[in-house]
Amino acid sequence: MATYAPPVQALIDELGRLPGIGPKSAQRIAFHLLKLPAEDAGRLARSITEAKARVSFCERCFNVTEGPLCPLCTDDRRDATVICVVEDARDIVAVEKTGEFHGRYHVLLGAISPIDGIGPDQLKVRELLVRLEPEGVQEVILCTNPNIEGEATAMYLARLLRPLGLRVTRIASGLPVGGDLEYADELTLGRALEGRREVDA
Ligand SMILES: [Zn+2]
């Protein structure tokens, strides 16, 4: 079996670790990059290095941010009594686009997935709990993805939060089941937020 030169194989291996990139795609992208002018490849490499160096997670909500706190956490006009819990910072962008939500966020950085060995301890659940009292939170909207992992995460959080006397709501169904929030159109996600219901857990 023919093998690639070590630097080429290293590039293919790294690309293959990215989400949604299978071995075939990794090879295709690697060879595309090798054909690029050095300047273009350098720009891509620099944008990765720079984003990693300058962007980190918000100390409070785990959104991506350039400072210690993200712009949504430092915006006093936002309603601190409502927290929208999402899996990923990308979902914040999706919810913001609906224009229906003016509270704060909390990013779990994933969802419960026993198959992948991800339990509540691997997510930012404890960090959510410590925010509730100091920030005067009255409602937590569970805005995790409408798939198995997202539902399991929402149920887990509902059971944890309801005894604390908070209003715990889940975005309404109507979103494509098994899908990702970020692919839902603004209108559908906006309606799902508006039609959120109390969770019986
Ligand atoms: Zn934040």
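In this predicted model, Thr 169 has a relative accessibility of 0% and therefore counts as buried, the cut-off being under 20%. Thr 169 belongs to strand 6, which covers residues 167-170. What is Thr 169 in contact with, once its neighbours within four places in sequence are left aside? One group of partners consists of Glu 139, Val 140, Ile 141 and Leu 142, and another of Arg 196, Arg 197, Glu 198 and Val 199.

After helix 5 comes Gly 99, which has a positive phi, near 70°.

The packing of helix 5 with helix 8 can be described in more detail. The two helices meet at an angle of about 85°, and their axes are 8 Å apart. Angles of 65 to 115 degrees count as roughly perpendicular, so helix 5 is roughly perpendicular to helix 8. On the helix 5 side, the residues involved are Ala 94, Val 95, Lys 97 and Thr 98, and they meet Glu 186, Leu 189, Gly 190 and Leu 193 of helix 8.

Helix 6 passes helix 7 in a right-handed crossing. Helix 6 contributes Val 125, Leu 128, Leu 129 and Leu 132 to the contact, while helix 7 contributes Tyr 156, Leu 157, Leu 160 and Leu 161. Here the division is eight nonpolar residues, no polar and no charged.

Phe 62 is not a glycine, yet its phi is positive, at about 70°. Phe 62 sits in the loop between strand 1 (56-57) and strand 2. Is Phe 62 buried or exposed? Because its relative accessibility is 11%, Phe 62 counts as buried. Leu 109, also not a glycine, has a positive phi of about 60°. The loop between strand 4 and helix 6 holds Leu 109, and with a relative accessible area of 30% Leu 109 is partly exposed.

Terms used: Residues are numbered from 1 along each chain as its sequence is written. This is a predicted model: local features need pLDDT of at least 70, side-chain atom pairs count only at pLDDT 80 or more; totals for chains, interfaces and linings use all residues. Side-chain values use heavy atoms; hydrogens and water are left out. A crossing is left-handed if the near helix is turned anticlockwise from the far one by less than a right angle, and right-handed if clockwise. Helices (H or I, at least four residues) and strands (E, at least two) are DSSP runs, numbered from the N terminus. Contact means heavy atoms within 4.5 Å. Ala, Val, Leu, Ile, Met, Phe, Trp, Tyr, Cys and Pro count as nonpolar, Asp, Glu, Lys and Arg as charged, and the others, Gly among them, as polar. Axes are lines fitted to C-alpha atoms, for helices over the stretch in contact, and angles run from 0 to 180 degrees between N-to-C directions. Angles under 35 degrees count as roughly parallel, over 145 as roughly antiparallel, 65 to 115 as roughly perpendicular and the rest as oblique. Buried means under 20% relative accessible area, exposed over 50%, partly exposed in between (1.4 Å probe, protein chains only).
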